[in-house]
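Please examine the structure shown here before reading on.

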Amino acid sequence: MTVDTLIIGAGISGLLAASVLQNAGQTVLVLDKGRQVGGRMATRRLTKDNKARADHGAQFFTVREPEFQKWVDGWLEEKSAAEWCKGFSGRDGYPRYRGMQGMTTMAKQMAQSLPVQTQTKVTNIDQDGQTWQITTESGDEFTANQLLLTPPVPQSLTLLDSGNVTLPSAERQALEAVQYDPCFAVMLVLNSPSSIPVPGGVQVRGEVIDWIGDNQQKGISEQPSVTIHGSPAFTRQHLNDDRTEVGNRLVDAAQAAGYLNRDDIESMQVHRWMYAQPIECYPDRYLKTAVNGLPIAFAGDGFRHARVEGAALSGLAAAESLKF
Ligand SMILES: Cc1cc2nc3c(=O)[nH]c(=O)nc-3n(C[C@H](O)[C@H](O)[C@H](O)COP(=O)(O)OP(=O)(O)OC[C@H]3O[C@@H](n4cnc5c(N)ncnc54)[C@H](O)[C@@H]3O)c2cc1C
């Protein structure tokens, strides 16, 4: 079956776009290589009994635009999101929101009413003259009239190259200018509470640590668990180092700053985000163009505004442009 719009990526931008297009009467299909939906709004179960959990990508989100507020109000009402606090070093009045069971909660909720296929890595994008042809790692093929790509932009460009899909050169150049910082995320299970101050998060912005958060105080983990994000400079410097070594360095820095005691650590996991947050964005909310007459659009947090809200608004805007 040829779908109206095939969306690559079940992060917040892809899922919101899929909701809008499905509500507009289109047939859609969302493919994601991850084990679960949510993309960089990621929550990991750290113990088999699920008592310890950690958000290892986005830690919280904020809302500035009424268009995004509408969706957030819906999530608050259905209890997939909750307010965490109104600031980390003093209250500045702006709510910081979290997912109810971690940052993936909203994505999981949305995916229930959408055709989403996870563990499906797209490896090739091509055309047969009439439609887009999408091939996955396991050899499955899909066809679509329109395509929406929501991975971090460098990954989307690699996909285009897989099938020699040539964009107009000005557009290609503009997309190539979108750049991201990498980030190491360390997830710790502790056997006693951390010393991270209330409300359970510190935007350290230091040379080594960028952020440290207490998932128990945040309300998503029964057992004490901590997330540490390495700074962009630290992560770049140690990008290919042994993960355990990287984790230990970040733990040392956290202990030296008084946030935790190494002796309390039960387990440690380390994740490397190659494309964590954009440092150079495409100027508009999305890019829509056509290749040999077939519509293709790009969206995500690399478009105009970074962060969860930027990604959401980008997906919504791209979807409007893809309505028939
Ligand atoms: C460490 C870290 C900390 C952050 N902290 C915050 C924060 O506190 N607040 C905030 O607002 N934002 C934060 N962010 C940013 C926020 O997570 C992102 O802006 C937002 O989640 C991006 O959503 P997206 O839909 O654009 O992309 P993504 O969530 O990355 O979704 C893209 C999806 O595409 C999929 N994909 C990629 N390639 C393929 C392929 N070939 N085939 C199939 N699927 C593919 C990926 O699996 C992914 O699920 C943070 C991000 C990180 C990594």
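## A strand pairing

Which residue in S9 does Val122 stand opposite? In this predicted model, Val122 is placed opposite Thr136 of S9. The strands concerned are S8 (residues 122-127) and S9 (residues 132-136), which run antiparallel and are joined by five bridges.

S8 and S9 form a hairpin with four residues between the strands. In this hairpin, Gly129 adopts a positive phi near 100°.

## The surroundings of the ligand

A polar side-chain atom of Asp32 is found 2.6 Å from an oxygen atom of the ligand. For Arg40, a polar side-chain atom lies 2.7 Å from an oxygen atom of the ligand.

## Two helices in contact

Helix H4 covers residues 153-162 and helix H5 covers residues 169-176. The two pack at an angle of about 140°, and their axes are 9 Å apart. Because of this angle, H4 is oblique to H5.

Which residues meet where H4 packs against H5? From H4 come Val153, Leu157, Leu160 and Asp161, and these meet Arg172, Leu175 and Glu176 of H5. The residues of this contact comprise four nonpolar, no polar and three charged.

Methods: Residues numbered from 1 in each chain as written. Predicted model: local features only at pLDDT ≥ 70, side-chain atom pairs only at ≥ 80, totals over all residues. Heavy atoms only, no water. Axes fitted to C-alpha atoms, helices over the stretch in contact; angles between N-to-C directions. Parallel < 35°, antiparallel > 145°, perpendicular 65-115°, else oblique. Contact = heavy atoms within 4.5 Å. Nonpolar A, V, L, I, M, F, W, Y, C, P; charged D, E, K, R; others polar. Pairing = 2+ DSSP bridges. Polar contact = N/O pair within 3.5 Å; in protein donor to acceptor, adjacent residues only side chain to side chain.
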